Amino acid sequence: MDALDRLRQHRLFGQLDENDLAALSALTKPCTLQPRQVLFRQNESARHFYLVTQGTLKLYLCSAEGEEKVLEVLGKGQLAAMAAAFMQPEAYPLTAEAIDEVALLEFPNEGFRALVAQSGCLALLLLGALSQRLHLMVGEIDRLSLHKATYRLVLYLLEKLESPCGAGERSGGHLILEAPKYVIASRLSITPETLSRTLGQLQKQGLVELQGDQLRILDEAGLRRLLDAG
């Protein structure tokens, strides 16, 4: 599949007309990463943003002591660092690293900004996407500050069931966790031990079944009742 077809199928860019799509496609360049290869580092000058077409990226902050805090896990169809194209100064706020083999489309920020200035349709779509992103971040603050580990994990799993892309893939009634459990734990601001313990509790309650990186949802309604309970 070429870049134009990938953009045409994307939930955001697919709303553009063919002229804008062709102009956007002409800006792109494919690139690949090997597992654990860094795409960009926190505070580096931001010259590009990316569309993941295969594999999984983790986005994280690094403390002064070298500890990682995973803020997001991106899979096929998701964008990395697009907001950085409009930040001043232009700098990546996070580090992006490949979890497995990753294929991407690379967009130059300068060329993309020029295209946005020319296309009212693209500008409106971008505004909507960034507004939605802000809404999601407000929800993330609520989740991490007001709710316990079980709520965070259950909501994460249910979101992956509903999402057409991201850190999980639904296949044959199973949710395939594309990120290692320690990455998911960091993403949810819990320890790996707490994640394992919480998954064990959900299994004992007959809500999920875990085998390796495949997690089967046995009782989706039951999981949703846990959310209602807070």
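How many salt bridges does the structure hold?

Modeller: This is a predicted model, in which local features need pLDDT of at least 70, side-chain atom pairs count only at pLDDT 80 or more, and totals for chains, interfaces and linings use all residues. Residues are numbered from 1 along each chain as its sequence is written, and side-chain values use heavy atoms, with hydrogens and water left out.

The structure holds 8 salt bridges (a side-chain nitrogen of Lys or Arg within 4 Å of a carboxyl oxygen of Asp or Glu). One of them joins the side chains of R8 and E18, at 3.0 Å from N to O. R8 lies in helix α1 (residues 3-9) and E18 in helix α2 (residues 18-27), so this pair ties together parts 10 residues apart in sequence. Helices (H or I, at least four residues) and strands (E, at least two) are DSSP runs, numbered from the N terminus. R8 is partly exposed, with a relative accessible area of 33%, and E18 is partly exposed at 44%. Here buried means under 20% relative accessible area, exposed over 50%, and partly exposed in between (1.4 Å probe, protein chains only).

Another salt bridge pairs K58 with E97, whose closest N and O atoms are 3.9 Å apart. K58 sits in strand β4 (residues 57-62) and E97 in strand β7 (residues 95-98), 39 residues apart, and the pair links distant parts of the chain. K58 is buried at 2%, and E97 is buried at 5%.

D219 and R225 also form a salt bridge, with closest N and O atoms 3.8 Å apart. D219 is partly exposed at 25%, whereas R225 is exposed at 52%. Finally, salt bridges that share partners join D5, R8 and E18 into one network.
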